[in-house]
Amino acid sequence: MLSKSYAVVKDYLIITLGLFIYLISYFGFIYSHEITSGGLAGISSVISWGLNIPFSVPYNLINFSLLAVALKVIGWRFSVKTVYSVVVLGVSTSSIEKYILPSLKEFLPLQNDPALAMILGSILIGVSLGMVFSVNGSTGGTDIVATIINKYKAISIGRALIYIDVVTIAASWFIFKSPDKLVYSMLQVLIANTTIDYFLNGSRQSMQFFIVTNKHQEIANSIIKEVNRGVTFLNGEGAYTHNEMKVLMVIARKTDSVNIFRIVKEIDPKAFITQSLVRGVYGEGFDTIKVNNSKKIKPQAPDGVMIENN
């Protein structure tokens with residue numbers, strides 16, 4: 001129970017830190033240079049600049065409206081974190097825009113270097129969103145749409161966001177009609193979403209463990225209870241001693257590796273353990289197989305062999 005509560009608290013701390021980095025990066029490096037970031041922030045920026053209204057008005061209005069979609073499609077566990085993020089962003093965005101930006105505008109970093117500001121801000125935004133996504137959170141907005149697409153289609157979250165952002169960037173052209181800002185906006189979207197993909201792929205890598213030990217049941221129980229991962233017993237036999245033994249096979253996330261090694265060391269320091277990286281793991285607790293079952297592969301026979309159609 002304690003470990004579960006710690007995991008929940010840890011998730012929300014990561015989300016809070018990610019949101020803080022996101023807001024500082026967006027207002028400090030992107031919005032201040034009138035660069036369209038894509039997503040809901042980009043849409044709200046375009047509306048704010050086009051109608052000359054505060055950024056927080058369209059941002060919060062759209063973001064809170066999309067929560068209904070999150071509750072319906074994505075589920076309560078995801079949406080609770082989304083509600084938390086939307087509330088934090090709503091309050092923080094309004095406060096930063098109203099009280100902090102006016103007094104700090106002339107002190108914002110890289111005011112005379114929009115290109116460098118765009119690059120640095122995009123990387124920080126990608127890292128911050130990757131942090132939020134890595135614990136099944138969301139900043140709301142088009143992140144909800146991208147996550148829904150990723151749930152049902154074999155399209156990464158970063159790539160889905162790129163598709164959504166194309167329309168937003170195109171709309172910004174009609175406000176500024178500036179080729180420089182259009183290029184900066186396109187590069188911002190590409191850099192930020194590439195960073196998201198890189199961050200998520202690194203944190204979601206899966207590992208395969210083989211553990212040879214005389215205390216197989218005790219180690220298996222601890223891994224199941226503390227790491228929340230399944231364990232498979234394989235029958236093994238020593239080639240030299242011919243002693244029968246149980247080999248534990250565990251598939252887990254890379255982030256679970258430290259806990260698994262800790263469990264094995266505490267229970268059986270003399271255990272033999274191997275760890276290897278696996279390219280893809282599909283099934284309960286991991287990724288979903290995403291293929292189009294509507295397309296059937298037509299069987300082909302070797303040369304000279306006829307296939308009869310039943």
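I shall go from the whole chain to the sheet, then to the salt bridges, and end with the surface.

Please keep in mind throughout that this is a predicted model.

Let me begin with the chain as a whole. Its secondary structure amounts to 10 helices and 4 strands. Read from the N terminus, the order of the elements is α-α-α-α-α-α-α-α-β-α-β-β-α-β. The chain has 310 residues, and 39% of them are buried. Among the contacts with a separation of 6 or more, 71% are between residues 24 or more positions apart. The chain exposes about 18600 Å², and carbon and sulfur atoms supply 62% of that area.

I turn now to the strands. In what order do the strands of the open sheet lie? The order is S2-S3-S1-S4, and the pairing is antiparallel. Strands S2 and S4, the latter covering residues 272-278, are the edge strands, since each pairs on one side only. On average, neighbouring strands of this sheet are turned by 25° against each other, with direction ignored.

Strand S2 spans residues 231-237 and strand S3 spans residues 244-253; the two are antiparallel and share 7 bridges. One of the paired positions is Val231, whose bridge partner in S3 is Val250. S2 and S3 form a hairpin, with 6 residues between the two strands. In the turn, His242 has a positive phi of about 60°.

Helix H9, residues 216-227, lies across S1 (206-212), S2 and S3. H9 runs at about 160° to S2. Helix H10, residues 257-267, packs on the sheet and touches S1, S3 and S4. The direction of H10 makes about 10° with that of S1.

Next, the salt bridges. How many salt bridges does a search of the whole structure find? The search finds 5. I shall discuss some of them.

The pair I take up at this point is Lys81 with Asp11, where the closest N and O atoms are 3.1 Å apart. Lys81 belongs to helix H4, residues 76-104, and Asp11 to helix H1, residues 2-30, so this pair ties together parts that are 70 residues apart in sequence. Are these two residues buried or exposed? Both Lys81 and Asp11 are buried.

Glu226 and Arg262 form another salt bridge, again with 3.1 Å between the closest N and O atoms. Glu226 lies in H9 and Arg262 in H10, so the pair ties together parts that are 36 residues apart in sequence. These are the two helices that I described with the sheet.

Arg262 also takes part in a salt bridge with Glu266, at 3.6 Å from N to O. Glu266 and Arg262 both lie in H10, and the 4 residues that separate them correspond to about one turn of the helix.

Let me move to a residue in another helix. Thr195 lies in helix H8, which covers residues 179-203. Its relative accessible area is 15%, so Thr195 is buried. Leaving aside residues up to four places away in sequence, Thr195 touches Ile123, Gly126 and Val127.

I close with the surface. Which residues form a nonpolar patch there? They are Phe64, Val83, Val87 and Val91, which together have about 320 Å² of accessible area. Helix H4 contributes the largest share of the patch, namely 3 residues. Val87 is placed in H4, and because its relative accessibility is 38%, Val87 counts as partly exposed. H4 is also the helix that holds Lys81, the buried partner of Asp11.

Thank you for your attention.

Methods:
Residues are numbered from 1 along each chain as its sequence is written. This is a predicted model: local features need pLDDT of at least 70, side-chain atom pairs count only at pLDDT 80 or more; totals for chains, interfaces and linings use all residues. Side-chain values use heavy atoms; hydrogens and water are left out. Two strands pair if DSSP finds at least two bridges between them. Axes are lines fitted to C-alpha atoms, for helices over the stretch in contact, and angles run from 0 to 180 degrees between N-to-C directions. Contact means heavy atoms within 4.5 Å. Buried means under 20% relative accessible area, exposed over 50%, partly exposed in between (1.4 Å probe, protein chains only). Accessible areas come from the Shrake-Rupley method with a 1.4 Å probe; for residues, only the protein chains shown count as cover. A salt bridge is a side-chain nitrogen of Lys or Arg within 4 Å of a carboxyl oxygen of Asp or Glu. Patches are made of residues with over 30% relative accessible area and no salt bridge: like charges are joined within 9 Å, nonpolar side chains (Val, Leu, Ile, Met, Phe, Trp, Tyr) within 5 Å.
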